[in-house]
Amino acid sequence: MPRTVDLVRAIVAPLTRTPLFRAVAPVVLPRVERVLAVLTGRRVQLSALLVPSLVLRTTGARSGALRETELMYTPDGHGRAIVAGTSFARERHPAWTYNLLAHPDAEILVRGRAMRVRAVLLADADREAAWALIERQWPGYRGYERESGRVVRLFRLQPVR
């Protein structure tokens, strides 16, 4: 099975870096993820077929309302998750990153299981190591940072007991 996933990743990864994908994915993928969430009780995510994925539940930076976002994550090997605010190489940071900056206490759902976390924005020293882990999982992913013209916000999600 891992070889099949690696093969599919090798085919799909270059497609995710095309202008067409970056234009269509932000509109289509969230809708598909919402339909799957309803049908499976949040146990299945489209993105999780290729990479570890989670649902991030944050508190809105300005509204204070509960927000949910489906994201790829990278395990750091110490029971924590790294998430990158790439936003498909758009010029602006995604809203969920502002939410975590304002309210670092959040919750994640992984395969339908909820866990409380605290988000820590990674500083320069930790960014390179985090990008190395992310790129090992999804080669070329850092290209989104270069193409966006901004420094992508990387967060470590630490479980809270």
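Q: Are Glu-145 and Arg-127 buried or exposed?
A: The model is predicted, so local features need pLDDT of at least 70, side-chain atom pairs count only at pLDDT 80 or more, and totals for chains, interfaces and linings use all residues. Residues are numbered from 1 along each chain as its sequence is written, and side-chain values use heavy atoms, without hydrogens or water. The classes rest on relative accessible area (1.4 Å probe, protein chains only): buried is under 20%, exposed over 50%, partly exposed in between. Both Glu-145 and Arg-127 are buried.

Q: How far apart are the closest N and O atoms of Glu-145 and Arg-127?
A: A salt bridge needs a side-chain nitrogen of Lys or Arg within 4 Å of a carboxyl oxygen of Asp or Glu. Glu-145 and Arg-127 form one, and their closest N and O atoms are separated by 2.5 Å.

Q: Which helices hold Glu-145 and Arg-127?
A: Helices (H or I, at least four residues) and strands (E, at least two) are DSSP runs, numbered from the N terminus. The two residues are 18 apart in sequence, so their pair ties together separate parts. Glu-145 lies in helix H5 (residues 143-148), Arg-127 in helix H4 (residues 124-137).

Q: Which residue forms a salt bridge with Arg-142?
A: The closest N and O atoms of this pair are 3.0 Å apart. Arg-142 sits in the loop between H4 and H5, while its partner lies in helix H4, 14 residues away.

Q: Which residues are linked with Arg-127 in a network of salt bridges?
A: Arg-127 pairs with Glu-145. One network takes in both pairs, linking Arg-127 with Glu-128, Arg-142 and Glu-145.

Q: Is Asp-76 buried or exposed?
A: Asp-76 forms a salt bridge with Arg-80, with the closest N and O atoms 2.5 Å apart. Arg-80 is partly exposed, because its relative accessible area is 22%. Asp-76 has a relative accessible area of 11%, so this residue is buried.

Q: How much space lies in the largest pocket?
A: On a 1 Å grid over the protein atoms alone, a pocket is an open set of points where a 1.4 Å probe fits, with protein on both sides within 12 Å along at least five of seven lines; lining residues have an atom within 4 Å of a point. Points are joined across faces, edges and corners, and a volume is the space filled by probe spheres set on them. For the largest pocket, this space is about 1300 Å³.

Q: Which residues of the largest pocket's lining are closest to its centre?
A: The largest pocket holds about 1300 Å³. Its lining has 40 residues, and those closest to the centre are Pro-30, Thr-69, Glu-70, Leu-71 and Phe-88.

Q: Which elements each supply at least two residues of the largest pocket's lining?
A: By class, this lining has 21 nonpolar, ten polar and nine charged residues. Ala, Val, Leu, Ile, Met, Phe, Trp, Tyr, Cys and Pro count as nonpolar, Asp, Glu, Lys and Arg as charged, the others, Gly among them, as polar. The elements are helix H2 (19-40), strand E2 (66-72) and helix H3 (95-102).

Q: Which element gives the largest share of the second largest pocket's lining?
A: This pocket holds about 220 Å³. Its lining has 14 residues, with Tyr-73, Gly-79, Ile-108, Val-110 and Met-115 closest to the centre. Strands E5 (105-110), E6 (113-121) and E7 (154-159) each give two or more residues. The largest share, three residues, comes from E6.
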